Amino acid sequence: MSDTATNDSMEARADAFRLAYRRVKDEIGKVIVGHDEIVHGVLTCLFVGGHALLEGVPGLGKTLLVRTLADAVSLDFNRIQFTPDLMPADILGTNVVMETPDGRRMFEFQRGPIFSQIILADEINRATPKTQSALLEAMQEKSVTVGGTIHTLKQPFFVLATQNPIEQEGTYPLPEAQLDRFLFKLVVGYSTREELATILDRTTRGETPHAEKVIDGDTLMQCQALVREVLIAPHVQDYAIRLALATHPEGPFAVDVTNRYIRWGTSPRGVQTLVLAAKVRALLDGRYNVSFEDIRRVYLPSLRHRVLLNFEAQAEGIDTDELLLKVLGAVSEKAEDPVAA
């Protein structure tokens, strides 16, 4: 195939990507008012093939956003309400004894709600660590192991979890190993005056807006494959690498605030997220290569849950986002060491 034909094919696929993304976003906009960056974040996870953690106080529309996304995509959907008495088998399923017509007894696996494609893990921090850990294999390997048998989950597969940051009584903070499996952590804020007026108009006058299904699983997986074909220049990739390494205290790229306030830095998943999410931003802007600005735009949701602050930062009331922005400002686009570029 000639270069021209390849470019035409890439352009057509990129147009299809933007169309699919915009159609899903428009359907969500029929129900969800405002929260544009949060919607972008959730859709970025969807089109990359990662999981999202939405954090915010009750009543901000986190659950509604996930339900609306499920309405707009032709994928199986299940909601799991996490509670302190929820057990792993309630999520994964279990082997039960069944009697055959000829009177024999045998074990049969009864699938749990995890066997779906979009999973809403509502108030995930209300479940015990034992139950939270039931999601680890599903989120990383896209499979479930019960009784020594591996059950593969249907693709594409997404976990969209919500948690309340202020109501800590009766909750169990997610361990770092599980937080690391979320592509993005999205902090849902309050609505503005104008947005609240629109919400009231939609919800107190008998209107029932509903999202229509506009994309199927095959199209979504084609979009995910396209994201990985977007180019990233070595010096831009090195910028993402140095941003991740700058969160490692006492490391060669650590900045002053890192050494003072950060206990543990980001894992390799952090820089993978930076690059993949930036590729989505590039495609949405009509480009086939990642820019420095693309990296910066996805920096906070990619790393805010992958950095652990030390006691000094907590004692001084330093916010993770505030600290990461200082790290971002201290890392230059151009590497001082030309070998690293």
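**A walk through the model, ending at strand S9**

Let's start with the surface. The protein has an accessible surface of about 16900 Å². Carbon and sulfur atoms account for 53% of that surface. Keep in mind that this is a predicted model.

Next, the overall build. The protein has 16 helices and 13 strands. Its C-alpha atoms fill a box of roughly 75 × 55 × 50 Å along the principal axes. How does the radius of gyration of the protein agree with that of a compact globule? For 341 residues, such a globule would come out near 20 Å; the protein has 22 Å, which agrees.

Now the inside. Of the 341 residues, 48% count as buried. Take the contacts between residues at least 6 apart in sequence: 75% of them join residues at least 24 apart.

A word on charge. There are 36 positive and 46 negative charges in the protein. Their mean positions lie 2 Å apart.

Let's zoom in on strand S9, residues 158-163. Why is S9 described as largely enclosed by the rest of the structure? Because six of its six residues are buried. Look at the side chains. Phe 158, Leu 160 and Thr 162 point one way, and Val 159, Ala 161 and Gln 163 point the other way. In a regular strand, side chains alternate between the two faces of the sheet.

Which strands pair with S9? One is S1, residues 52-55, parallel to S9 over four bridges. There, Ala 52 has Leu 160 as its bridge partner. Another is S6, residues 118-122, also parallel and joined to S9 by four bridges. Here Leu 120 stands opposite Leu 160.

Technical notes. Residues numbered from 1 in each chain as written. Predicted model: local features only at pLDDT ≥ 70, side-chain atom pairs only at ≥ 80, totals over all residues. Heavy atoms only, no water. Helix = DSSP H or I, 4+ residues; strand = E, 2+ residues; numbered from the N terminus. Rg over C-alpha atoms; globule rule 2.2 N^0.38 Å. Buried < 20%, exposed > 50% of the residue type's maximum accessible area, 1.4 Å probe, protein only. Contact = heavy atoms within 4.5 Å. Areas by Shrake-Rupley, 256 points an atom, 1.4 Å probe, with all protein chains shown as cover. Lys, Arg positive; Asp, Glu negative; His and termini not counted. Charge placed at Lys NZ, Arg CZ, Asp CG, Glu CD. Pairing = 2+ DSSP bridges.
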